[in-house]
Amino acid sequence: MRQTQFVLRAVLVLLLLCVTACTTTSAKCRNNRCTVAVKTTSSTSAEILGYQVTFEDLVAGRVTVGYAGARHPIAAGQTATVGPMTVTVAIAEPGRAELSITADQRGGDNGLRRQSGASALNPEA
């Protein structure tokens, strides 16, 4: 009985670690536009359209998007300029967000150059 309780507790701890530590970011990109899905309970970053972007504070109605050290809280249904990108938040729920990110073709990169080469989140680069 004692061994069974130990095993059950160990399984419970592993499940809790997975639930609290699970972070995924996926992007479907075409030309200069990506649809991005983020799932995290803390923060995560990903290369989107050649730019390193962070996602944090995924709460009901808002997500914070970061680029080049600047943080931009964006409400669901709203659009904001984040460095050289235009970001629209379609869905913002606790731990989950869906966004549309478009690269600015006018060169508004704040002195930072776009990275070249393909990435897992931008196979068309």
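1. The accessible surface of the chain comes to about 7,700 Å², and 56% of that surface belongs to carbon and sulfur atoms; such areas come from the Shrake-Rupley method with a 1.4 Å probe. Please keep in mind that this is a predicted model, in which local features need pLDDT of at least 70 and side-chain atom pairs count only at pLDDT 80 or more, while totals for chains, interfaces and linings use all residues. Residues are numbered from 1 along each chain as its sequence is written, and side-chain values use heavy atoms, with hydrogens and water left out.

2. Of the 125 residues of the chain, 33% count as buried, a term that stands for under 20% relative accessible area. Among contacts (heavy atoms within 4.5 Å) between residues at least 6 apart in sequence, 38% join residues at least 24 apart.

3. The chain has one helix and nine strands, where helices (H or I, at least four residues) and strands (E, at least two) are DSSP runs numbered from the N terminus.

4. Five strands form an open sheet in the order β1-β2-β9-β8-β7, with antiparallel pairing; two strands pair if DSSP finds at least two bridges between them. At the edges lie β1 (24-30) and β7 (79-82), each of which pairs on one side only.

5. Strand β7 is joined by four bridges to β8 (residues 85-93), and the two run antiparallel. Within this pairing, threonine 79 stands opposite threonine 88 in β8.

Note on methods
Buried < 20%, exposed > 50% of the residue type's maximum accessible area, 1.4 Å probe, protein only.
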